[in-house]
Amino acid sequence: MKILVCISNVPDTTTKITFTDNNTQFNTNGVQFILNPYDEIALARAIELTEGGKGTVTVINVGEVSTEPTIRKALAIGADDAVRINAKPHDAWFVAKQIASYIQQNSYDLVLTGRESIDYNGSKVAGMLGELLDIPSVSIIKKLDIEGDLAVVEREIEGGKEILSIQLPFVAGAAEGVAEPKIPNMRGIMSARTKPLAVVEPVEVSTNLTFSGFEIPAARGQVKLIPTDDSASLIGLLHTEARVI
Amino acid sequence: MAVLIYTENAGGKFKKSTFEAISYARAIADETGTTLTAISIGDVDPGELALPGKYGTDKVLHVCNGQLKNFINQAYASVIAEAAKKENADIVVLSNSFSGRGLAPRIAVKLDAGLADGVISLPEISGSQFRVKKTAFSGKAFAIFELTSAKKVISLSPNAYQVVEKHAEGKIEEFIPELKPTDFKALVKEVIQSADKVSLPDAEIVVSGGRGLKGPENWGMLEELASLLGAATACSKPVSDAGWRSHSEHVGQTGITVSPNLYIAVGISGAIQHLAGVSSSKVIVVINKDPEAPFFKVADYGIVGDAFEVVPKLIAAVKEYKASA
């Protein structure tokens, strides 16, 4: 079984978000970039599913050369090889078109992404890939098992879950529950340096969206502290002042 | 020209987020001087189909087909795209629910449309400019985009837009889509709903607990408070990582992002990753023993005190308030 895991390079979760150039550029100064946490879950499951010679795991990233440390991290965790599409990832459509084009030339049995990237919080790439390749896509999965060419998948829904049976190949976005992220060991880190990392030039994509700028949410007013003894008065305030109950 | 709204249902009933999306789509239709058509797929309870009209829907397309009884992402996307073409809709609106997140990208590709997902306010339209705003960096910022394509797909974040009643005809029409066998490769085997619980992403009030509660056995009081307030329960990452609560309750940057009217955090210190997931809540209440807890800096109301002392007092106060209301 051949599995492709799509990974993104995102600011670390502890990053304080600031912008430059009149709020049009994300300030990367001093920001540590990491493998998107949900992609780590997807990668961990892909490795589990192919363990013991049952298949291979390729990771693919659309990014400039600066994303290679993140790609090497994925190789250290246990991916067999990697592909970097040499382009700035403008938006989800651009990324999906690049990856779809690569998949059309190198077929895979399963394509995994994270449920969303923690920077723009989109969960668009999985669905777009599914449509471009005309195969099923599931946006947020909590569990994934494969038996032959059929997968059993748990999908998150509001207030519950859905169990699906899906024919391979398909695309799915992994969330917590699918697997525990794996920490690279020393052997993984050593071998990651020599594992193949192919660099592929991008295909041309016409854009349908342009980025205008960022805004920082307005700061909240001063917190109103209520004495512990008077805790009960909170309920009245929530009703009469905040009007939320 | 028209606006098409996909009216998602759960267990035969349209959801609150669906009515929010209808009201939102109506406002866009008014702004662009066009009509609003809804499409409902699958079984809905009798009487439900009359509801979109109350919120400004001119026409309701009803798809009733045994093969489409359960949600099938690929097939539903095909049906919605087909309806959009038939209605000559240049804007398709959905709720950014779990299902909506699966549908929107597929519909956008089918229609060659730009996709704005998780949008939190009405688009700014001037001439051919069409600007949308969404949260980015898990609520740490907003990003503004311009959709430059002729066709547009917009998914609206739950709890971001007020439901507005506005009477329109809401004429119900049967819509018989063309079904492609290749769209049925993913089939629903089972739907498991926890009926007694309020769904977290849709909840208007959320009661959330952190490590300060010391153990899973102490969640009873939070559940009681939540149930009295009609709230959903949630937790911080360390709590779900420790297995005290399920991952589906984990709110934060790597969990669920919520934007309820009221978020009550009990025994959560407020790590930056947690704050990211709750910062778009309208009102935040923080209860924590530690007056230095960073959560107080972003709270509207705070009580510095022991959760085991404060929460029972709140429960009593809510009971009293409800009895007098």
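# Close-up views of a two-chain predicted model

**View 1. A:Pro169 lies in a loop of chain A, between strands β11 (160-167) and β12 (170-174).** Helices (H or I, at least four residues) and strands (E, at least two) are DSSP runs, numbered from the N terminus. The bond between A:Leu168 and A:Pro169 is a cis peptide, with omega about -5 degrees. Most peptide bonds are trans. This is a predicted model, in which local features need pLDDT of at least 70 and side-chain atom pairs count only at pLDDT 80 or more, while totals for chains, interfaces and linings use all residues. Residues are numbered from 1 along each chain as its sequence is written, chains are lettered from A and ligands numbered from 1 in the order in which they are written, and side-chain values use heavy atoms, with hydrogens and water left out.

**View 2. A:Ile189 sits in helix α5 (residues 186-192) of chain A.** With a relative accessible area of 36%, A:Ile189 is partly exposed. Buried means under 20% relative accessible area, exposed over 50%, and partly exposed in between (1.4 Å probe, protein chains only). Not counting residues up to four places away in sequence, A:Ile189 touches A:Ala76 and A:Pro184; contact means heavy atoms within 4.5 Å. A:Lys97 is 92 residues from A:Ile189 along the chain, and the C-alpha atoms of the two are separated by 31 Å.

**View 3. Chain A as a whole has six helices and 15 strands.** Taken along the principal axes, its C-alpha atoms fill a box of roughly 65 × 45 × 40 Å. Of the 245 residues in chain A, 56% are buried. Among contacts between residues at least 6 apart in sequence, 69% join residues at least 24 apart. The chain exposes about 10800 Å², and carbon and sulfur atoms supply 50% of this area. Accessible areas come from the Shrake-Rupley method with a 1.4 Å probe; for residues, only the protein chains shown count as cover. Chain A carries 22 positive and 31 negative side chains, and the centres of the two sets lie 3 Å apart. Lys and Arg count as positive and Asp and Glu as negative, while His and the chain ends are not counted. Each charge is placed at NZ of Lys, CZ of Arg, CG of Asp or CD of Glu.

**View 4. B:Lys134 is part of strand β9 (residues 129-136) of chain B.** B:Lys134 counts as buried because its relative accessible area is 6%. Its side chain makes a polar contact of 3.1 Å with the side chain of B:Asp117. A polar contact is a pair of N or O atoms within 3.5 Å; within protein, one must be able to donate a hydrogen and the other to accept it, and residues adjacent in sequence count only if both atoms are side-chain atoms. Leaving out residues up to four places away in sequence, B:Lys134 touches residues of both chains: A:Tyr120, A:Asn121 and A:Gly122 from chain A, and, among others from chain B, B:Val119, B:Ile120 and B:Phe142.

**View 5. B:Glu249 is in the loop between α6 (237-241) and β16 (262-266) of chain B.** Apart from neighbours within four places in sequence, B:Glu249 is in contact with B:Lys197, B:Leu200, B:Thr233, B:Ala234 and B:Cys235.

**View 6. B:Asn88 and B:Asp112 are loop residues of chain B with positive phi.** Most residues other than glycine have a negative phi. B:Asn88 has phi near 55 degrees and lies between α3 (73-86) and β6 (91-95). At 49% relative accessibility, B:Asn88 is partly exposed. For B:Asp112, phi is near 60 degrees, and the loop runs between α4 (98-111) and β7 (114-119). B:Asp112 is exposed, with a relative accessible area of 58%.

**View 7. Chain B as a whole has eight helices and 18 strands.** Along the principal axes, the C-alpha trace spans about 60 × 40 × 40 Å. Of the 325 residues of chain B, 62% count as buried.
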